[in-house]
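Visitor: I would like to learn how to read a structure like this one. Please show it first.

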Amino acid sequence: MNVDLVVDARGLSCPMPIVRTKKAMEQLQPGQVLEVQATDKGSLADIQGWAKNTGHQYIGTIEEGDVLKHYLRKANPTESKEETKYPHVVALDELQKKVENNEQVFILDVREEAEYVFGHIPGAYHIPLGQLSERMNELNKDETIYVICRTGNRSDLAAQQLAEKGFTHVFNVIPGMTEWKGTIIKGGNEQ
């Protein structure tokens with residue numbers, strides 16, 4: 001494949017691969033191809049979601065060892081869209097108060113498996129962003145869902161996906177697990 005620019009995001013976790021992708025995309029002309037090299041397994045779903053959200057074309061990903069090489073084509077001005085953010089957010093400290101007060105809340109953690117295992121909110125339901133579209137049937141459309149990730153970026157994409165599929169009570173938790181000060185559980189899924 002003919003690549004016009006390569007971005008090295010190896011060793012970086014969300015949101016940095018996307019941050020670097022956005023910056024690099026600004027340097028390209030419409031139709032040019034960007035290669036993003038990343039080691040964060042969640043970058044696959046992040047890159048795909050970001051491309052869909054902005055109108056740029058996700059071409060595909062090649063895995064070479066532990067490096068994912070993502071390929072994107074810059075959209076023409078008529079194809080590109082202003083990047084949108086999910087409008088319904090809740091502050092992390094507000095969610096933490098609900099958890100501490102033992103309120104019934106449904107928390108959807110969309111981080112990768114390893115991130116989840118190394119520490120998650122008690123009772124959080126885990127579906128990595130890359131599996132969300134095929135596992136949405138596990139969720140109740142009428143329930144209020146608090147979507148969380150590491151920083152609020154991956155959960156933003158997940159909240160948008162849920163809203164597009166008719167989920168009406170969805171909140172993106174900002175800033176995410178990097179700032180969580182409450183109890184965490186280590187280990188696999190509790191459900």
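The dialogue below goes from the sheet to one residue and then to the helices.

Guide: This is a predicted model, where local features need pLDDT of at least 70 and side-chain atom pairs count only at pLDDT 80 or more, while totals for chains, interfaces and linings use all residues. Residues are numbered from 1 along each chain as its sequence is written, and side-chain values use heavy atoms, with hydrogens and water left out.

Visitor: What is the order of the strands in the open sheet?

Guide: Strands (E, at least two residues) and helices (H or I, at least four) are DSSP runs, numbered from the N terminus. Two strands pair if DSSP finds at least two bridges between them. Here four strands form an open sheet in the order β1-β2-β4-β3, with mixed pairing. Its edge strands, β1 (5-9) and β3 (57-64), each pair on one side only.

Visitor: How many bridges join β2 to β4?

Guide: Six bridges join β2 (residues 33-38) to β4, and the two run antiparallel. Val36 has His70 in β4 as its bridge partner.

Visitor: Is Lys69 buried or exposed?

Guide: Buried means under 20% relative accessible area, exposed over 50%, and partly exposed in between (1.4 Å probe, protein chains only). Lys69, in strand β4 (residues 67-73), is buried at 16%.

Visitor: Which strands does helix α2 lie across?

Guide: Contact means heavy atoms within 4.5 Å. Angles run from 0 to 180 degrees between N-to-C directions, with axes fitted to C-alpha atoms, for helices over the stretch in contact. Helix α2 (residues 43-54) lies across β2, β3 and β4, at about 5° to β4.
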